[in-house]
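Hi,

Here is the structure you asked for, with my notes below it. Please read them with the model open.

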Amino acid sequence: MSAVEIERTGHDFRESPDEPVLRVEGLVKHFPIRQGVVIKRQVGAVQAVDGVSFDLKQGETLGLVGESGCGKSTVARTLMRLQEPTAGKAFYKGRDIFDLGKGDLRRIRREIQMIFQDPYASLNPRMTVGDIVGEPWEIHPDVLPKAERRHRVGELLELVGLNPNHLNRYPHQFSGGQRQRVGVARALALNPSVIICDEPVSALDVSVQAQVVNLLEDIQDEFGLSYIFIAHDLSVVRHISDRVAVMYLGKIVEIGDADEIYNAPTHPYTQALLSAAPKPDPSARDDVNRIILEGDVPNPADPPSGCNFRTRCWKADDLCAREEPLLETHGVGGHPSACHYAELRSTDVA
Amino acid sequence: MSTTVATGPAEVAGHTTDPDAPLLEVTDLRVEFRMRHGTVVANDSVSYALEAGETLAILGESGSGKSVSAQAIMGIIDSPPGFIAGGSVRYRGVELLTMPEKQRRTIRANHIAMIFQDALTALNPVFSVGFQIAEMYRVHQGVSKKEATEKAIELLDRVKIPAARERIDHYPHEFSGGMRQRVMIAMALALNPAVLIADEPTTALDVTVQAQVMQLLKELQQDTGMGLILITHDLGVVAEVADRVSVMYAGRIVETGSIQDIYERPRHPYTLGLMESLPSMDSRGTRLEPIPGSPPDLQNRPTGCAFHPRCRMARPRCATDDPPLLTIEGAGRSSACHYHEEVHLERG
Amino acid sequence: MSERTTDKEQDHVYERSMGSGPDLPNLDEVDLEPHEDGPEAGLWSDAWAVLRRNPLFIVSASLIVLFIVMALFPRLFTWFYPGEQNVEACSLSLSSNVPGQGRPSAEAWFGYDIQGCDYYLRVINGARISIFVGMFVTVGAVIVALTFGSIAGYYGKTIDALIARITDVWFAIPTILGAIVLLSVMGNRGVPQVSMVLIVLGWPSMLRLMRSSVLSTKEMDYVLASRALGARDRRLIIKHIIPNSIAPVIVYATIYVGVIISAEAALSFLGVGVQLPAISWGLMINTASARIINAPHLLFFPGLFLSITVFSFILMGDALRDALDPKLR
């Protein structure tokens with residue numbers, strides 16, 4: 001199908017089984033740093049996202065992990081066009097999201113929805129839960145006739161495990177976990193096919209996190225949704241993801257099946273990240289193989305030359321300072337890893 | 001292990017200490033917040049003891065009151081609305097709660113120190129970190145300005161801040177999150193306290209930085225022999241550093257025990273539920289087993305056992321009889337569950 | 001937070017007693033109950049619940065209602081009064097200009113003025129101009145602030161820079177001095193003219209407040225969430241941003257009514273406000289100031305009413321701030 005044909009089909013997006021639902025190519029987002037009192041000129045740029053590419057298949061969950069400032073949330077926001085990307089393409093069922101006009105963008109927003117991190121900030125405190133969950137239809141009135149909306153809100157609340165009779169209550173009357181359920185219900189209202197979950201359980205209590213994770217899994221099964229699941233908690237990502245992409249300083253450093261990434265990481269950063277995560281098992285304490293990285297993440301306004309990770313990497317040498325490693329499959333691991341010296345850890349081999 | 005705590009009786013803020021008493025002992029502490037809409041009991045019959053060189057973790061979710069007893073120890077509860085309604089806090093046998101504020105300040109600076117989750121708000125933004133640390137030496141030890149600065153540099157070096165001598169004149173906002181946490185640790189340790197209370201010290205930090213900071217705390221504890229109270233919600237962090245654990249729920253301690261006991265043989269359904277709700281790092285695994293419901297609002301504490309509405313083991317008795325925290329299986333091991341013998345059977 | 005009203009709850013299947021009676025929990029349903037009871041508790045009704053229990057609010061609100069009724073229906077306060085049949089009937093023989101005469105008494109609670117008119121009637125009638133000017137100006141300034149403050153805060157960039165700079169320049173004009181200059185060149189000065197001038201000079205502070213409030217609100221996740229759904233600017237501003245950024249403006253506007261009332265009085269006192277024969281507290285104080293020794297009641301009563309009015313609005317503003325402050329919720 002040619003590009004012209006795709007253009008003509010309007011919102012009838014192309015669908016074919018092997019085509020990924022979402023394909024992101026070379027996504028770049030730089031935030032300009034401006035200085036000056038009257039005339040502001042650009043003195044630099046924070047390279048929040050710097051050339052990120054990945055595919056998302058139908059019904060799949062792609063985990064996006066990394067530490068704060070690695071750009072994972074910026075990826076989410078640019079994909080939602082809440083922030084305009086600096087460069088790159090993102091094809092949703094064949095059409096470039098970044099290239100859509102206002103009308104097409106509104107239509108595509110029905111298909112891609114988002115769940116936010118902070119259940120306290122993501123619900124308007126002046127609106128009832130019913131109005132919050134029903135707002136999508138106010139914005140897209142043709143999706144559901146007015147007469148059916150109230151009933152459907154009740155159904156959605158029930159679906160996410162809330163009492164449908166509580167639609168006249170306000171967000172602050174609910175606990176954090178319940179609010180996050182409201183956020184899930186709102187995201188489901190337009191029957192999307194992709195949901196971007198931006199740290200959806202990070203703000204919740206441990207005992208409540210699992211409830212929301214289960215809920216997300218249930219509705220994925222029920223509606224065949226695809227998720228981009230962004231989190232810094234490695235075990236939650238491990239639990240929910242089919243594939244995982246590890247980000248460091250605006251770039252994906254390693255991507256692959258969740259099992260491969262967790263059992264056979266080849267990038268030193270992934271290895272360090274996995275090794276540093278505290279495990280809820282006192283017998284694993286004082287692990288001699290534990291990697292504790294030195295220093296902090298470099299300033300994204302002034303990233304190091306060559307490989308971004310070389311300032312904290314124990315393998316780094318001249319090559320790493322000179323040449324940026326490409327995200328490509330090496331002899332080991334069987335999945336792409338952006339390291340000149342990608343290899344399995346000796347302890348992982350066993 | 002060297003220890004900074006004197007072995008014989010010593011003077012603490014004008015009181016004579018008892019060298020045989022626990023380093024820090026909290027007994028039956030009750031803290032109330034008297035709000036517009038009624039009284040919230042944030043801590044009820046909270047008791048624990050800490051020995052030198054030991055790490056005690058207080059594990060709890062938001063609203064469990066896990067930080068409240070620490071604030072009571074430090075004497076920094078907002079009052080009103082907070083009131084200490086009963087109990088005692090003893091430092092080497094010396095009662096702190098009845099002490100006049102002036103003596104409390106001496107204790108706070110020299111014997112018991114605290115670090116917080118958010119280092120940026122805990123440090124004064126208008127003074128350089130060097131000045132803030134040197135100030136502690138000048139005020140409490142009366143050393144000269146130059147000497148105090150030297151000591152501050154030494155201290156920053158000890159918490160592994162690179163190029164401490166150059167960074168001494170930097171302001172808190174010029175440090176990264178992990179470095180700021182180190183600065184706060186340095187300030188807390190400036191006067192060699194015997195007890196360090198760390199309230200969610202790594203929650204705001206990234207995983208790799210978190211590991212650094214926990215490692216640092218562990219090393220410093222080994223060097224100084226201080227007792228560490230670690231307040232956290234993170235079962236992983238607890239598993240890495242704690243010797244003993246007290247699990248809190250709805251303002252009370254529901255289970256105590258050694259780290260192995262708590263993780264391998266939990267004797268309270270809440271502790272068990274917490275463990276089971278955690279996803280595993282090692283395999284994709286099956287469906288998670290969450291604890292249903294939400295932690296209770298302390299203003300509407302359920303009757304009987306506060307956990308019973310969320311407990312899969314609950315029986316009629318649990319809704320009416322409030323289970324006390326009873327010693328089980330010997331010293332240091334206790335559970336507040338009527339059916340604690342059966343908890344391990346639940347483990348699947 | 002508020003009283004439990006579980007008995008009124010409409011729930012059927014989901015109703016369960018959280019901790020009363022020995023019935024066992026059904027685990028599947030535990031998380032369905034909001035953790036606070038009370039069926040309809042919006043932030044505004046919560047604020048109202050707080051206000052209702054605040055004695056300062058009760059006092060200030062009662063006084064404000066009293067003054068507003070006084071402004072709208074002065075006769076309610078004067079009809080029973082001796083001499084009501086002929087309000088305008090003044091007798092120079094009662095003039096307080098004569099030493100020792102026209103003082104407050106049982107027949108004339110506030111005494112008589114220099115024309116020998118009953119002073120109580122005049123003070124009551126003076127409420128109208130003060131309250132009207134205070135309300136008109138505040139409403140006008142709030143409309144300007146809401147409109148342009150939201151636009152500047154929401155759209156940012158050039159339009160914000162433009163509005164913000166104009167506001168700053170305008171803000172630099174001293175309000176009272178500017179009003180004196182503008183009003184002194186007007187021939188005919190009544191309530192509309194005085195109000196207009198005060199609106200023209202008074203909006204910048206309110207606009208700055210609204211703009212900064214909008215700036216912080218528009219970063220909230222619920223605004224992003226609505227944008228992610230495809231909401232247009234109009235909806236975002238009206239449904240999400242204004243309702244969540246208006247609280248500080250309401251607090252300030254309440255206090256502002258008091259400020260404007262004193263400004264009107266000051267302008268009238270200086271002779272550039274409303275003109276005789278209008279009855280205004282400022283004008284009364286102006287007349288009385290020359291006779292402060294001989295007839296202090298002429299100054300005292302309008303001064304007292306003016307102060308109580310201004311004080312009520314400021315008190316009300318404080319009470320509102322307590323109720324709307326998110327930190328106390």
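The largest nonpolar core has 279 residues, and the members that touch the most others in it are Val246(A), Ile229(B) and Met206(C). Bear in mind that this is a predicted model.

Next, Ala71(C). This residue sits in helix H2 of chain C, which covers residues 55–72. Is Ala71(C) buried or exposed? Ala71(C) is buried, because 20 other C-beta atoms lie within 10 Å and 20 or more is the cut-off for that class. Beyond its neighbours within four places in sequence, Ala71(C) is in contact with Ala127(C), Arg128(C), Ile131(C) and Phe132(C). Val257(C) is 186 residues from Ala71(C) along the chain, and their C-alpha atoms are 14 Å apart.

Now the interface between chains A and B. On the chain B side, 39 residues are in contact with 35 residues of chain A. Five helices of chain B each give two or more residues to that side: H7 (177–189), H8 (207–224), H9 (235–241), H10 (259–264) and H11 (269–277). H8(B) gives the largest share, six residues. By type, the side of chain B that touches chain A has 18 nonpolar, 14 polar and seven charged residues.

Best wishes

Methods
Residues are numbered from 1 along each chain as its sequence is written. Chains are lettered from A and ligands numbered from 1 in the order in which they are written. This is a predicted model: local features need pLDDT of at least 70, side-chain atom pairs count only at pLDDT 80 or more; totals for chains, interfaces and linings use all residues. A nonpolar core is a set of buried Ala, Val, Leu, Ile, Met, Phe, Trp, Tyr and Cys residues joined through C-beta atoms within 7 Å. A residue is buried if 20 or more other C-beta atoms lie within 10 Å of its own, exposed if 12 or fewer, and partly exposed in between; C-beta atoms are placed from the backbone. Helices (H or I, at least four residues) and strands (E, at least two) are DSSP runs, numbered from the N terminus. Two residues are in contact if their C-beta atoms, placed from the backbone, lie within 7 Å. Ala, Val, Leu, Ile, Met, Phe, Trp, Tyr, Cys and Pro count as nonpolar, Asp, Glu, Lys and Arg as charged, and the others, Gly among them, as polar.
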